[in-house]
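Please read this report alongside the sequence and the coordinates.

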Amino acid sequence: MSNDALPTAVRPFDPDGGSEQSAEALEALIATVEREVAELQFTRFTNDDAVALGQLIVQLGAGRNLPIAVCIRRPDHILFRAALDGTTPDNDYWLDAKSRTAERYLVPSLLVGLRGRRNGGRVEDDPLFDTTQFAAHGGSFPLYIQGVGPVATVTVSGLPQLEDHKLVVEALRTFHAAAGL
């Protein structure tokens, strides 16, 4: 029998888990979100699609008794907005700040925050990142049209940021498959 230690599994990166996490786990989560961006490309996204996607997220949240708020918007045009029981006006701030982040950087708000953590930093430490307007926290995902790019954002607030992000991705996958987009 060998005394060699078994390889230890890398603990998943938790964006709310503090600074003592491995760079390997951070890079694995970044790669996961980048794969989600590549996967979740649509052929179209109409205002009616926004309402249907928003209703799907509300159904998922209500069915799980989640205290979430949802916003789907194009820049300067809200297509869908709802707040379930347990939300507060603070959720409106988070919806708007995370949406602005995804709109500005053209990637999910979670990815902005994760990339900022490379080499031990934080995007919030960049003087050009206005934390009164933007939030590099998970929960906002651009809606990409194949060959066009992002045309809107879908945002959830109310859960820990990774859970907000996962709920949006789950809804986008479900919607994408059901609508054949």
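## Basis of the description

This is a predicted model, in which local features need pLDDT of at least 70 and side-chain atom pairs count only at pLDDT 80 or more, while totals for chains, interfaces and linings use all residues. Residues are numbered from 1 along each chain as its sequence is written, and side-chain values use heavy atoms, with hydrogens and water left out.

## Helix H1

Helices (H or I, at least four residues) and strands (E, at least two) are DSSP runs numbered from the N terminus. Helix H1 covers residues 23–39, and its 17 residues should span 24 Å at 1.5 Å a residue, which agrees with the 24 Å between its end C-alpha atoms; the expected span is 1.5 Å times one less than the number of residues.

Buried means under 20% relative accessible area and exposed over 50%, with partly exposed in between, for a 1.4 Å probe and protein chains only. In H1 the buried residues are Ala25, Leu26, Leu29, Ile30, Val33, Glu36 and Val37. Seen down the helix axis, these buried residues fall within an arc of 140 degrees, so they line one face of H1, the arc being that of the directions from the axis to the C-beta atoms. On the other side of H1, Ala23, Glu24, Arg35 and Ala38 are exposed. The cover over the buried residues of H1 includes strand E1 (41–42), helix H4 (109–116), strand E4 (140–145) and helix H5 (161–179).

A nonpolar core is a set of buried Ala, Val, Leu, Ile, Met, Phe, Trp, Tyr and Cys residues joined through side-chain atoms within 4.5 Å. The largest such core has 47 residues, and Phe45 and Leu53 have the most contacts inside it. At least two residues of this core come from each of H1, helix H2 (47–63), strand E2 (69–74), strand E3 (77–83), H4, E4, strand E5 (149–157) and H5, and H5 gives the most, with seven residues. Leaving out residues up to four places away in sequence, Leu53 touches Phe45, Ile72, Leu143, Val154, Ala171, Leu172 and Phe175, where contact means heavy atoms within 4.5 Å.

The 19 residues of H5 should span 27 Å at 1.5 Å a residue, and its end C-alpha atoms are 27 Å apart, which agrees. Among the buried residues of H5 are Ala171, Leu172 and Phe175. Gly180, which follows H5, has a positive phi near 65 degrees.

Strands E2 and E3 pair in the antiparallel sense over six bridges, pairing being assigned if DSSP finds at least two bridges between two strands. Val70 stands opposite Ala82 in E3. Two residues lie between the strands of this hairpin, in which Asp76 takes a positive phi near 65 degrees.

## Aromatic pairs

Rings of Phe, Tyr and Trp (its six-membered ring) pair if their centres lie within 6.5 Å; planes under 30 degrees apart count as stacked, over 60 as edge-to-face and the rest as tilted. By this rule there are six aromatic pairs. The rings of Phe42 and Phe45 have centres 6.3 Å apart and planes at 70 degrees, so this pair is edge-to-face. Phe129 and Phe134 form a tilted pair, at 5.8 Å centre to centre and 45 degrees between the planes. Phe42, Phe45 and Phe175 form one aromatic cluster.

## Ala135

Ala135 lies in the loop between H4 and E4 and is buried, with a relative accessible area of 4%. Its C-alpha atom is separated by 5.0 Å from that of Lys98, 37 residues apart along the chain. Apart from neighbours within four places in sequence, Ala135 is in contact with Trp94, Ala97, Lys98, Thr101, Ser109 and Phe129.
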